[in-house]
Amino acid sequence: MNESLIYLLLKGGKKSIREGNRIYFLRMGKLCSRKLNDNNSGENWKHTPKRNLYTGTFAGNRYMSSHMKDAYENLPVWQTAAAFRTGGILSGDNYRHSMNHAYVDKEGNVTDFKHFTVSEGSLVLPPDMTLERKGNTIRLTWHDDRDAPSASGSDCPYAIIIGDRRPDALIFARDNEATRAGGSATFTVKAREGENLHVYPFFGNAGSNAFSPNEYFYAPASK
């Protein structure tokens with residue numbers, strides 16, 4: 001069977017086609033194939049500890065990745081990040097997954113808060129951002145009087161917040177009155193009593209087509 005026919009059959013709805021020792025499938029509309037061998041085909045395939053760990057971790061990552069996709073209230077953070085960092089080679093979903101797969105467990109919980117990433121892109125962060133938490137109120141302050149495409153006074157501050165009681169849940173926060181030029185932003189969250197928070201502020205431009213990497217702050221509950 002030639003590849004043109006295989007492509008037409010896959011376009012018609014088939015998930016995959018085996019031809020000899022190769023499996024053919026479509027990825028982002030392109031014909032791809034994978035060679036089978038004695039270890040990964042048919043009755044010879046075995047559930048090894050390494051494969052079981054990978055399968056479980058992959059499921060957890062897909063859960064978190066899907067949750068992240070919905071958390072931003074249609075703000076196209078990862079689509080623009082993928083375009084900027086990979087030139088469009090990766091989709092926003094794939095780039096988000098590639099950035100965070102090592103920091104999420106099989107249940108979809110964040111396991112490494114410091115290195116977990118919620119934003120990437122061409123904008124820059126203020127050099128001196130600080131955080132203060134009082135109960136459920138988080139206040140960020142900074143000084144940044146730059147006026148450039150990568151740091152405009154009209155840039156908007158956002159934050160993703162994760163509580164350590166629910167490490168699989170992302171809270172999206174914004175201060176609609178705040179800008180980079182204003183030097184501060186205030187976010188209100190509904191944290192549980194005694195819950196420590198992990199705060200990831202980042203900036204987006206006024207057109208919502210460019211974003212910054214995120215900063216990370218640990219915001220413990222008041223004693």
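Let's start with a cluster. Y72, Y158, F172 and F202 form one aromatic cluster. Keep in mind that this is a predicted model. Searching the whole structure gives eight aromatic pairs. One of them is Y158 with F172, and that pair is stacked. The ring centres are 5.8 Å apart, with 20 degrees between the planes. Why does that count as stacked? Because planes under 30 degrees apart fall in that class.

Where do the two partners sit? Y158 is in strand β6, residues 156–163. F172 is in strand β7, residues 171–174. They are 14 residues apart, and the pair links distant parts of the chain. Buried or exposed? Y158 is buried, at a relative accessible area of 5%. F172 is buried as well, at 13%.

One more ring before we move on. R180 lies over the face of F203. The distance to the ring centre is 4.6 Å.

Now the overall layout. The protein chain has four helices and 10 strands. Along the sequence, the pattern reads α-β-β-β-α-α-α-β-β-β-β-β-β-β. The chain has 223 residues, and 40% of them are buried. What about contacts across the sequence? Take the contacts between residues at least 6 apart in sequence. Of these, 60% join residues at least 24 apart.

Two residues show such contacts. Take T80. T80 lies in helix α3. Which residues does T80 touch, once its neighbours within four places in sequence are set aside? N209 and F211. N209 is 129 residues away along the chain. Yet the C-alpha atoms of T80 and N209 are separated by 6.5 Å.

Next, D168. D168 is in the loop between β6 and β7. D168 is buried, with a relative accessible area of 13%. Leaving out neighbours within four places, D168 is in contact with Y63, M64, H67, G108 and N109.

Back to α3, the helix that holds T80. Which of its residues are buried? V77, W78, T80, A81, A82 and T86. Just after α3 comes G87, with a positive phi of about 65 degrees.

Phi of E73 is near 55 degrees, positive in a residue other than glycine. N74 is in the loop between α2 and α3 too. N74 is not a glycine either, and its phi is positive, about 70 degrees. Is N74 buried or exposed? N74 is exposed, with a relative accessible area of 78%. The cut-off for exposed is over 50%, so N74 qualifies.

The largest pocket holds about 170 Å³ of space. Its lining has 14 residues. Which ones are closest to its centre? K69, L75, P76, Q79 and R96. Which helices contribute? α2, residues 49–71, α3, residues 77–86, and α4, residues 92–100, each supply at least two lining residues. By class, the pocket lining divides into six nonpolar, three polar and five charged residues.

Then the cavity. How many cavities of 30 Å³ or more are there? The count comes to one. The largest cavity holds about 30 Å³ of space. Its lining is N61, M64, S65, M68, R96, H97, N100 and V104. Two elements give two or more residues to that lining, α2 and α4. The largest share comes from α2, with four residues. By class, the cavity lining divides into three nonpolar, four polar and one charged.

Two names come up again here. R96 lines the cavity, and R96 is also among the residues closest to the centre of the largest pocket. M64 lines the cavity, and M64 is also a contact of D168.

To recap. There is one aromatic cluster of Y72, Y158, F172 and F202. Helices α2, α3 and α4 each give at least two residues to the largest pocket.

Definitions and conventions. Residues are numbered from 1 along each chain as its sequence is written. This is a predicted model: local features need pLDDT of at least 70, side-chain atom pairs count only at pLDDT 80 or more; totals for chains, interfaces and linings use all residues. Side-chain values use heavy atoms; hydrogens and water are left out. On a 1 Å grid over the protein atoms alone, a cavity is a set of points where a 1.4 Å probe fits but cannot get out, and a pocket is an open set with protein on both sides within 12 Å along at least five of seven lines; lining residues have an atom within 4 Å of a point. Grid points are joined across faces, edges and corners, and a volume is the space filled by probe spheres set on the points. Ala, Val, Leu, Ile, Met, Phe, Trp, Tyr, Cys and Pro count as nonpolar, Asp, Glu, Lys and Arg as charged, and the others, Gly among them, as polar. Rings of Phe, Tyr and Trp (its six-membered ring) pair if their centres lie within 6.5 Å; planes under 30 degrees apart count as stacked, over 60 as edge-to-face and the rest as tilted. Buried means under 20% relative accessible area, exposed over 50%, partly exposed in between (1.4 Å probe, protein chains only). A charge sits over a ring if NZ of Lys or CZ of Arg is within 6 Å of the ring centre and within 35 degrees of the ring normal. Contact means heavy atoms within 4.5 Å.
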